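Morning, everyone. Let me put the structure up, and then we'll go through a few surface features.

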Amino acid sequence: MERLLKETIEAAKRKRLMTKHEVGRITVYTTVQAKAIAFSTDVRLYYKMLPTLVKVAKEVGIRLRQGYRRLNKKP
């Protein structure tokens, strides 16, 4: 990463896209990096909770129309 950052700065200097004032302080914008956040609409969460919900339904005595064994995929 350091080499990539250094080359980026050097390229900006060569093209005169940076002033001397800007060379002293550099801000790295990192919000575009991928993060492992699972959203409530994520199908992996559905597949993860399905076996637990089926187990609880059986314990409580709720009769399900399907077994969900073939529907459930491994995440």
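Which residues make the nonpolar surface patch of about 360 Å²? The answer is Val43, Tyr46, Met49 and Leu53. Keep in mind that this is a predicted model.

Take one of those residues, methionine 49. Methionine 49 sits in helix H3, which covers residues 43-60. Is methionine 49 buried, exposed or partly exposed? It is partly exposed, because its relative accessible area is 40%, and the exposed class only begins over 50%.

Now to the charges. How many salt bridges does a search of the whole structure find? Two.

Start with arginine 14. Its partner is glutamate 7, and the closest N and O atoms are 2.8 Å apart. How do the two ends compare in accessibility? Arginine 14 counts as exposed, because its relative accessibility is 56%. Glutamate 7 comes out at 42%, so it is partly exposed.

Next, lysine 13. Where do lysine 13 and glutamate 10 lie? Both are in helix H1, residues 2-14. They are three residues apart, about one turn of the helix. Lysine 13 has 38% relative accessibility, so it is partly exposed. Glutamate 10 is at 30%, so it is partly exposed as well.

To recap: two salt bridges, and a nonpolar patch made by Val43, Tyr46, Met49 and Leu53. Over to you for discussion.

Terms used. Residues numbered from 1 in each chain as written. Predicted model: local features only at pLDDT ≥ 70, side-chain atom pairs only at ≥ 80, totals over all residues. Heavy atoms only, no water. Salt bridge = Lys/Arg side-chain N within 4 Å of Asp/Glu carboxyl O. Buried < 20%, exposed > 50% of the residue type's maximum accessible area, 1.4 Å probe, protein only. Helix = DSSP H or I, 4+ residues; strand = E, 2+ residues; numbered from the N terminus. Patch = residues over 30% accessible without salt bridge, like charges linked within 9 Å, V, L, I, M, F, W, Y side chains within 5 Å. Areas by Shrake-Rupley, 256 points an atom, 1.4 Å probe, with all protein chains shown as cover.
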